[in-house]
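Biologist: I would like to go through the terms used for this model and learn what each one rests on. Please set each value against its criterion.

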Amino acid sequence: MAQSLDRLRESPSQTAGPYVHIGLTPNFCSISGVYATDLGTTMVNDKTKGERIGLKIRVLDGTGTPLKDALIEIWQADADGLYNSPAELRGAADPNFQGWGRCPTDMETGVCAFETIKPGRVPFRDGRLMAPHITLWIVARGINLGLHTRLYFSDEEEANAGDPILARIEHRIRVPTLVAERQGNAYVFDVHLQGERETVFFDS
Amino acid sequence: MPAESGSNRRPETAAFFQRDRTWHPPALTPGYKSSVLRSPQKALLSFDNTQSEIAGPVFGHAMLGELDADLIHNFAKPGESAIGERIIVHGRVLDERGVGVPGVLIEFWQANAGGRYRHKKDGYLAPLDPNFGGCGRTITGDDGGYAFRTVKPGPYPWPNGPNDWRPAHIHFSVFGHGFAQRLITQMYFEGDPLIWKCPIVRGIADKAAIEALTAILDTQATIPMDALAYKFDIVLRGRRSSLFENRLEGN
Ligand SMILES: [Fe+3]
């Protein structure tokens, strides 16, 4: 026997279940008076720097049916590519932009609508700039461990072509699964949990 | 960079330990039917954390209301309280290195003492408690410690097999310091025989991993003539040491 590494193991994940709203967006499910507002519902204010954009995101199951009981969180840099986080050592992020948002899928349409800004570019580990992107984290009944992926932008073709993460996708036919289509001021993005168009999910 | 209040420690910016996906339940656990059409089937794209995963949002204590960590009273009419076995749930949020993680937002939600959720999709015949909402939140202190007061949730039947019951449980949502640490899980109660029959729990392969989600009765933390106590520690991914890391120019 050798010595022990004395490391703990991460708490195993369990599904958020069908009633995730109670805990994370109680006002959305008619539990009012506990929190003044649901956390993460408003991402921008008048002073936030950057181009205002909307995101319309759906999550589709293996039959193509939109999930109506999922919850999506997004995490992104500000207009200058800085994260509002103590782990951001490159400079001070826009104080009017936390960069984090949360939205349950609409119970009828399955759409998550975010109002945010287009993020700036963030450097990869080797200093090259990644294409503008938003990190997505998806939980729902039937999802045992939160799903991690990214949303890239259809009108950033050149940046996308040089993005070091997109470059790692072996089957190039799957790259578009991470690219949201611009429609007016909004980007439309379908996350496919399964099937031919299954979204590329991350282990990072 | 926003300063951590009361702390002059340099923020940690190294990447996180790789996640052990054999320790977590896999995406597809057919005994839990909802996972069948909602489980990705293709291989995940693996890469070492970038700044997008290393950084994460911060939540300050200022956002908390006075009763946020008291589910017995945060939805109750003035002077009234939720019905059920009164309990304190307490513990620490640690990372895999055993270090307490301060400033972590924990949100929790649960059924009432009868096993009924305050949600329009829950049609279980157990009654709603007019004084129980079922949600609460807190932020860990300097040592990663947290505590909240609630009533013990009841077990409940759910549509999966013809006669499946969830063990009593509390749902937990936890933020670390990096978005890669984001975690949702459930806490079970020591001694509940339903734990080992539950298809959601049984998605976890390792018995030790299930035990890691099972809170232990803590008779030293009870409040005499008031509330029982359960201790539940939560472990988030640890960070690698960046001391000897050979980082390329420009980063
Ligand atoms: Fe539950």
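Biologist: What makes the pairing of the side chains of Asp69(A) and Arg141(A) a polar contact?

Modeller: In this predicted model, the side chains of Asp69(A) and Arg141(A) are joined at 2.8 Å. The limit for a pair of N or O atoms is 3.5 Å, so the pair qualifies as a polar contact. The side chain of Asp69(A) makes a further polar contact, with the side chain of Arg38(B), at 3.0 Å.

Biologist: Which atoms coordinate the iron ion?

Modeller: The donors are the OH atoms of Tyr117(B) and Tyr156(B) and the NE2 atoms of His169(B) and His171(B), at 1.9 to 2.2 Å. A donor must lie within 2.8 Å of the metal, so these atoms meet the criterion.

Biologist: Why is the arrangement around the iron ion called irregular?

Modeller: The four donor atoms subtend angles of 89 to 166°. A tetrahedral site needs all angles between 85 and 135 degrees, and the value of 166° rules that out. The arrangement is classed as irregular.

Biologist: How are the donor residues spaced in sequence?

Modeller: The spacing is Y-x38-Y-x12-H-x1-H. Tyr117(B) belongs to the loop between β3 (105–109) and β4 (135–139) of chain B, and His171(B) to strand β8 (residues 169–174) of chain B, so the pair ties together parts that are 54 residues apart in sequence. Both Tyr117(B) and His171(B) are buried.

Biologist: How do you know whether Met225(B) is buried or exposed?

Modeller: Its relative accessible area is 90%, and the threshold for exposed is over 50%, so Met225(B) is exposed. Met225(B) is likewise not a glycine and has a positive phi, of about 60°. Its place is the loop between β10 (214–217) and β11 (228–231) of chain B.

Biologist: How many cavities does the structure hold, and what lines the largest cavity?

Modeller: There are two cavities of 30 Å³ or more. The largest has a volume of about 120 Å³. Its lining has 13 residues, with Trp137(A), His148(A), Arg19(B), Phe179(B) and Ala180(B) nearest the centre. By class, the lining holds four nonpolar, four polar and five charged residues.

Biologist: What is the make-up of the lining of the second largest cavity?

Modeller: It divides into five nonpolar, five polar and no charged residues. Among the lining residues are Ser13(A), Gln14(A), Val139(A) and Ile184(B). The space amounts to about 30 Å³.

Biologist: Which residues lie closest to the centre of the second largest pocket?

Modeller: That pocket has a space of about 420 Å³. Of its 24 lining residues, Pro18(A), Tyr19(A), Arg141(A), Trp158(B) and Pro159(B) are the closest to the centre. Strand β6 (residues 156–158) of chain B gives the largest share of the lining, three residues.

Methods. Residues are numbered from 1 along each chain as its sequence is written. Chains are lettered from A and ligands numbered from 1 in the order in which they are written. This is a predicted model: local features need pLDDT of at least 70, side-chain atom pairs count only at pLDDT 80 or more; totals for chains, interfaces and linings use all residues. Side-chain values use heavy atoms; hydrogens and water are left out. On a 1 Å grid over the protein atoms alone, a cavity is a set of points where a 1.4 Å probe fits but cannot get out, and a pocket is an open set with protein on both sides within 12 Å along at least five of seven lines; lining residues have an atom within 4 Å of a point. Grid points are joined across faces, edges and corners, and a volume is the space filled by probe spheres set on the points. Helices (H or I, at least four residues) and strands (E, at least two) are DSSP runs, numbered from the N terminus. Ala, Val, Leu, Ile, Met, Phe, Trp, Tyr, Cys and Pro count as nonpolar, Asp, Glu, Lys and Arg as charged, and the others, Gly among them, as polar. Donors are N, O and S atoms within 2.8 Å of the metal (3.2 Å for Na, K and Ca); water is not among the atoms, so sites may look incomplete. Four donors count as tetrahedral if all angles lie between 85 and 135 degrees; four count as square planar and six as octahedral if opposite donors are over 155 degrees apart and all others between 65 and 115; anything else is irregular. Buried means under 20% relative accessible area, exposed over 50%, partly exposed in between (1.4 Å probe, protein chains only). A polar contact is a pair of N or O atoms within 3.5 Å; within protein, one must be able to donate a hydrogen and the other to accept it, and residues adjacent in sequence count only if both atoms are side-chain atoms.
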